[in-house]
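Me: I would like to learn how to read helix packing and aromatic pairs in a model. Can we take one feature at a time?

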Amino acid sequence: MVLELQKPRPIWQIMFSTHHTDVGLLYLITSLGFLFLGGSLALAIRAELFLPGAQIITDSMTFNRIFTVHGTTLIFLFILPFASAVGNYYVPIMVRYKDMAYPKLNAIAFWMIPPSGALIWLGFADFTWYATPPYSIISAPGPAADMWIFGLKILGISSVLGAINFVVTILKCKHPDMSIGQVPLLAWSYLSSSLIILVAIPTFAAALLMLLTDRLGVSGFFNPAMGGDPIAYAHLFWFTFHPEVYVLVIPAIGMMYEIIPRFSRKPIYSYNSGIFAFVLLSIVGFSSWAHHMFATGMSFTEKTVFMVGTLAAVPASAMHVFNFIATMWNGRIKFSTPMMWSVGGIALFFGAGAGGVVNSAMPLDFSTHDTYWVVGHFHLFVMGTIAFGSIAFFYYMFPYVTGRMYNETMGKIHFVMSFIGTILVFFTQHVLGLYGMPRRIFDYPPIPEWIAMNQIATVGAMIIGVSMAIFLANMIYSSGKGKLANTEDPFGVGGKYYYPFEAKNPSH
Amino acid sequence: MGGHSNWPEWIYVGIVIALMTWVGAEAWEAERLVEHVPEDAETIIVTGQQWFWTFEHEDGTKEIGELHVETGKAYKFEIVSTDVIHSFNIHDYVVLMDAVPGRVNTVWFAPDAPGVHDIQCREYCGLIHYNMRGTLYVEDPA
Ligand code: HEM
Ligand SMILES: [Cu+2]
Ligand SMILES: [Cu+2]
């Protein structure tokens, strides 16, 4: 691991480096930057919805742009780069190789992110993160939409390059003494999610090109006025982005597989079922894309097929949960900050999965689809599980990366507030959805239940906001002034688990 | 697998699979019942456009933003759109179907009690999506 702050180097040495830990650091900083940017937009949305009528955002177009950029940022510019950051740091170490397989390609993949982030933010498009045609063809405002399309295009290429690198590093560069069945589960999670990316992303890449040419008026793939079919886009989109949710969640689960055994001071309950569940998820993840489309006018048979395909993914996720609990069972658990975040993440994973089962049952979906229920469901995953796992891992990496310890009390306060806030916001949103509030609305009629629940959600979001400010302060302060960490065993849990940490500053 | 017995895991996975099978079967059965449109249902053509709903009854009368129906009858909605995708929703009756340009989607309901209900658009469709709302009046037959 790098001890960046103990042996400082000029910033450009890191920026022009292709070493995996340096690229990892760049990914990490970029990703956290976007977390705070995207998070502020979330607070703006929640503040706006505190009461019916306009509060702080004056017009609905601005509101629509804000939620579009919020979603795009947090999914593509926070969660995905965060996973790449962790993968860059750990995957080569775990397979005992000196770097990623293609270091230059790795750096290139990273450097595609800042320009796409800029395109997305400067464009400030308003057509939601689905970019559904024909809206995204005929009425989404000019350059904003095109900038979003180009931004996503570049991000897609970057993911594919990153995925190739992970697959080759794990399969071809692992130490010959190590069989594939000995590779730690965190590395397995990258293998599975990279394979999903390689299958899924090209589909969306094609869809984006078709969307662009439709916008230019030279084709009409999705434009009914020219004989096209907008539902075709929905299929292409969800064929990519349903599996993509597993690309987001699988590395986060892998991170928990790293943290939970260490802080339980016990080996993983079943290493093999962890691998099995990863591989199964990455295959079954493809069988369920059209459960996002029950209301587009599908036949009964189609709906049935996709319901079955969706439910089939549940046992695989459930196996991970079982593995975590069985690992903690009878362990000598140490509840340091990373462990708290992981355990909280598992609890919310369970809640979110249960909500997903409700969505999959087709008649119930007509009650929940496109309401705040769905917002609650997927945020419980993306925030409650994926972001929790990522933040857990961030605390876990912190001493290895900086050589200093974060402030444990502040870390725990951060967790407790975020956990309470997450429950307040996203469980309430489930109920709000059952009361019929559609998602993506700037204003709502003064229905007393809607007002009350929106207010609870807004208060919850503010609690998360404050906890994130504490997080930021802790990071900035501790990376400069925190007490020096023992990089052999920073958390005092004893024992080296799977691989040796190298506490040296790499120069390449 | 591993050095220890895994039977708790297999039992657990078995339970999860059984639960999912049960959920799936129940859902399938319920959906099968609501799919079937009654033969005598009256047709109402619902048109979504930015940003209001138009309703055309079988006798040719048109309503904008309001829909009047009677208790004790079944109604079949034929849903179309003239511009972008909207989603026709009467939440109180769990009626939900997208209005997709170039397609005709159908969904039906049979109101049982007089009352007033909200109609809304549940798919993001641009500037005034938030206010693409209407009112359903269910009345007893005169
Ligand atoms: C693995 C973690 C998961 C993630 C990250 C995730 C994420 C998401 C996201 C982002 C959406 C909403 C997309 C949108 O409309 O913007 C969604 C909707 C949905 N999810 Fe999940 N999900 C996960 C697991 C599950 C599971 C386990 C199930 C079912 C057993 C499920 C079933 C559904 C269904 C049916 C919808 C569509 C709801 C609707 O729009 O009516 N999801 N999920
Ligand atoms: Cu609409
Ligand atoms: Cu709408």
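Reply: Start with the axes: they are lines fitted to C-alpha atoms, for helices over the stretch in contact, and angles run from 0 to 180 degrees between N-to-C directions. Keep in mind that this is a predicted model.

Me: At what angle do the axes of α2(A) and α4(A) cross?

Reply: Two packed helices are described by the angle between their axes and the distance between the axes. Here the axes of α2(A) and α4(A) cross at roughly 10 degrees and come within 10 Å. Angles under 35 degrees count as roughly parallel, and α2(A) and α4(A) are therefore roughly parallel to each other. On the α2(A) side the contact involves A:His20, A:Val23, A:Leu26, A:Tyr27 and A:Thr30, which meet A:Asn106, A:Ala107, A:Ala109, A:Phe110 and A:Trp111 of α4(A).

Me: Which residues of helix α5 of chain A are buried?

Reply: An α-helix has 3.6 residues a turn, so residues three or four places apart point the same way. In α5(A), residues 113-123, the buried ones are A:Ile113, A:Ser116, A:Gly117, A:Ile120 and A:Gly123. Viewed down the axis of α5(A), these buried residues fall within an arc of 145 degrees, so they line one face of the helix.

Me: What covers the buried residues of α5(A), and which residue follows the helix?

Reply: The cover includes α2, α3, α4 and α7 of chain A. After α5(A) comes A:Phe124, with a positive phi near 50 degrees.

Me: How many aromatic pairs are there over all chains?

Reply: A pair of aromatic rings is described by the distance of the centres and the angle of the planes. The count over all chains is 61 aromatic pairs. For one of them, A:Phe67 and B:Tyr124, the ring centres are 5.5 Å apart and the planes stand at 85 degrees, so the pair is edge-to-face. This pair crosses between chains: A:Phe67 belongs to helix α3 of chain A, and B:Tyr124 to the loop between β9 and β10 of chain B. A:Phe67 is buried at 10% relative accessible area, and B:Tyr124 is buried at 7%.

Me: Why is the pair of A:Phe221 and A:Phe222 classed as tilted?

Reply: The ring centres of A:Phe221 and A:Phe222 lie 6.3 Å apart with planes at 50 degrees, so the pair is tilted. A:Phe221 is partly exposed, with a relative accessible area of 40%, whereas A:Phe222 is buried at 1%.

Me: Where does the charged end of A:Arg440 sit?

Reply: The charged end of A:Arg440 sits over the ring of A:Tyr130, 4.4 Å from the ring centre.

Terms used. Residues numbered from 1 in each chain as written. Chains lettered and ligands numbered in written order. Predicted model: local features only at pLDDT ≥ 70, side-chain atom pairs only at ≥ 80, totals over all residues. Heavy atoms only, no water. Buried < 20%, exposed > 50% of the residue type's maximum accessible area, 1.4 Å probe, protein only. Helix = DSSP H or I, 4+ residues; strand = E, 2+ residues; numbered from the N terminus. Arc of directions from axis to C-beta. Contact = heavy atoms within 4.5 Å. Phe/Tyr/Trp six-rings, centres within 6.5 Å; stacked < 30°, edge-to-face > 60°. Lys NZ or Arg CZ within 6 Å of the ring centre and 35° of its normal. Parallel < 35°, antiparallel > 145°, perpendicular 65-115°, else oblique.
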